[in-house]
Amino acid sequence: MTATAHYETPYGAFQLNCYPPRPNERLIAWCSADTLLLAETHRRRTPGSRILVVNDTYGALCIALEPQALWTDSALTVLALRQNERMNKRIQTPIVWSTAEPPLTPQLVVLRIPKQRPLFEYQLSQLARLLPQQTTVLAAGMDKHLSPHTAEILERYIGPTQRHRGQHKARIFSAIRDQRCAKKYRGTATYHCEALNAEVCSLANVFSREKLDMGTRFLLEKLPSSLQTETLIDLACGNGVLGLVALKRGIAARITFCDESAMALHSARLNAGRLFPQQTNDISFHQGDGLVAYRETQAQLILCNPPFHLQHTVDDFAGRHMLSQCSQHLQPGGQLYLVANRHLDYVPTLRHTFERVEKFASNTKFNIVLAQKARI
Ligand SMILES: C[S@@+](CC[C@H](N)C(=O)[O-])C[C@H]1O[C@@H](n2cnc3c(N)ncnc32)[C@H](O)[C@@H]1O
C-alpha cells in the first residue's frame with residue numbers, strides 16, 4: 001500500500017500522496033524546498049489569488065496556497081495535484097501548460113527550480129516579459145540539484161536577487177523584477193537526424209534535445225524493415241523521433257504520439273507537421289500518464305524508449321508502470337519493441353501481460369526487447 005503522508009504547513013496540515021502510487025512508497029510528496037517557499041510566502045501574507053505557482057511536483061505548493069494558477073510542463077504533476085486536491089477537499093487549481101503563456105499578472109511567483117536549466121531560463125525569460133516591475137519571484141530548490149549560477153541566472157532575467165538562508169539541504173532565492181531587458185530565451189534546440197535526413201527540434205524541457213539518444217539510435221538501427229502496420233503508438237515520444245522514422249520507413253500508416261510532457265508533445269507536433277504535412281490526419285497526440293487514460297482503438301505496434309528517472313534518481317519504476325499498460329492497448333498478435341539500458345530489466349514485468357517476450361538485440365549498453373501479445 002502507498003503511505004499517505006501528513007504535511008504540516010503554515011497554511012494548515014494536509015495529506016499528500018505521490019503519483020503514480022507505488023507500493024512501499026520511498027518518496028514523499030514534498031521536500032524542504034517546498035517548505036522554505038511556503039514559510040516565506042506566508043511571512044509575506046500574499047493572498048493565494050495573487051500567486052502564480054511554477055513547477056510544483058506533487059501539488060504541495062498548490063494545495064497549501066490555492067494559487068491563481070499552476071504553470072507546469074507535466075501531466076503527472078497535474079494528476080498528483082488533482083488526487084491531492086480531492087483528498088484534502090481543496091479547490092481545483094487552474095492549469096497553464098508550459099507551452100502557453102501564463103495569462104495573469106501575479107503579485108508573487110512561487111517557483112520550484114527545475115532540473116533542466118533550459119527550462120528554468122525559458123520560464124524566467126517568459127516571466128520577465130509578463131511581470132510588472134516590483135513583482136517578486138521566490139525560487140527554491142534542493143542544494144544538490146542547484147547550479148552555482150542560480151542567483152546569477154535569476155538576476156540576469158528578473159532583477160536584483162538575494163540568496164537567502166539554506167535549511168534542510170534546500171535554498172531559497174528572491175528576485176525583484178526591475179526594468180532590465182534580458183535577451184529572449186526560447187530554449188529550443190535542433191539536431192540533424194540521419195534516419196530522417198532532416199532536422200528535428202525540441203523545446204526546452206525535452207529529453208535528449210541536442211542529439212539523438214544512443215538507445216533510440218540503436219532501436220532505429222535494429223528495427224526490422226519488414227515491419228508494416230496500420231497503427232503505431234510512439235510511447236514516451238519525446239520529440240517524436242521514433243515515430244517519425246517509422247512513418248518515413250512506411251512501418252505505420254497511422255500514428256499516435258504519447259508523452260506526459262507538454263513540451264515533448266508540442267515538439268513532436270512541430271516535427272510531424274513540418275516533415276509530414278500531407279499526413280496530419282493520420283497523426284494524433286495524447287498527453288497523460290502513459291496509456292492509462294488512452295481510449296482509442298488498439299494499435300498493432302508500440303515503440304518505446306521508457307523513462308528511467310524518477311525525480312532525480314535512476315529508477316525503473318516509471319518504466320515498469322508504463323510498460324504494464326501496453327498489452328491492453330495492442331491488438332491480438334500486436335508487438336512492442338522497447339530499448340533500455342542493460343541494467344534495467346523489464347522482461348519480468350512484460351512476462352505478466354505478454355505471451356512471448358525475448359531479447360531481440362543487445363550491444364554493450366542497451367537491450368532491445370520484443371514482446372508479442374497472444375493472437376487468440
Ligand atoms: C527516455 S525518454 C524517450 C524520448 C524519445 N522517445 C526518444 O527516444 O528520444 C522518455 C520520455 O518519457 C516521458 N515520460 C516520463 N514519464 C512518463 C509517463 N508516465 N507517461 C508518458 N510519458 C512519460 C518523458 O517526458 C520523456 O519524453
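This is a predicted model: local features need pLDDT of at least 70, side-chain atom pairs count only at pLDDT 80 or more; totals for chains, interfaces and linings use all residues.
**Group meeting: ligand shell, domains and sheet**

Good morning. In this structure, 21 residues surround the ligand, and the closest are Thr216, Ala236, Gly238, Glu260 and Pro307. Sorted by class, the shell comprises eleven nonpolar, six polar and four charged residues.

Let me turn to the domains. The protein chain is divided into domain 1, residues 5-176, and domain 2, residues 213-372. Their centres, taken over C-alpha atoms, are separated by 31 Å. Domain 1 contributes 13 residues to the contact and domain 2 contributes twelve residues. On the domain 1 side, helix α3 (residues 75-88) gives the most, with three residues. That side of domain 1 divides into six nonpolar, four polar and three charged residues.

Next, the sheet. Seven strands form an open, mixed sheet in the order β14-β13-β12-β15-β18-β20-β19. At the edges stand β14 (283-287) and β19 (356-362), each with a single partner strand, so one side of each has no neighbour in the sheet. On average, neighbouring strands are turned by 20° against each other, direction ignored.

How many bridges join β19 and β20? The two strands, β20 being residues 366-372, pair in the antiparallel sense over six bridges. Glutamate 358 stands opposite leucine 370 in β20.

Finally, the helices on this sheet. Helix α6 (residues 214-222) lies across β18 (330-341), β19 and β20, running at about 135° to β18. Helix α7 touches β12 (229-235), β13 and β15 (299-304), and its direction makes about 175° with that of β13. Thank you.

Methods: Residues are numbered from 1 along each chain as its sequence is written. A residue is near a molecule or strand if its C-beta atom, placed from the backbone, lies within 6 Å of it. Ala, Val, Leu, Ile, Met, Phe, Trp, Tyr, Cys and Pro count as nonpolar, Asp, Glu, Lys and Arg as charged, and the others, Gly among them, as polar. Domain bounds come from an automatic or database domain assignment. Two residues are in contact if their C-beta atoms, placed from the backbone, lie within 7 Å. Helices (H or I, at least four residues) and strands (E, at least two) are DSSP runs, numbered from the N terminus. Two strands pair if DSSP finds at least two bridges between them. Axes are lines fitted to C-alpha atoms, for helices over the stretch in contact, and angles run from 0 to 180 degrees between N-to-C directions.
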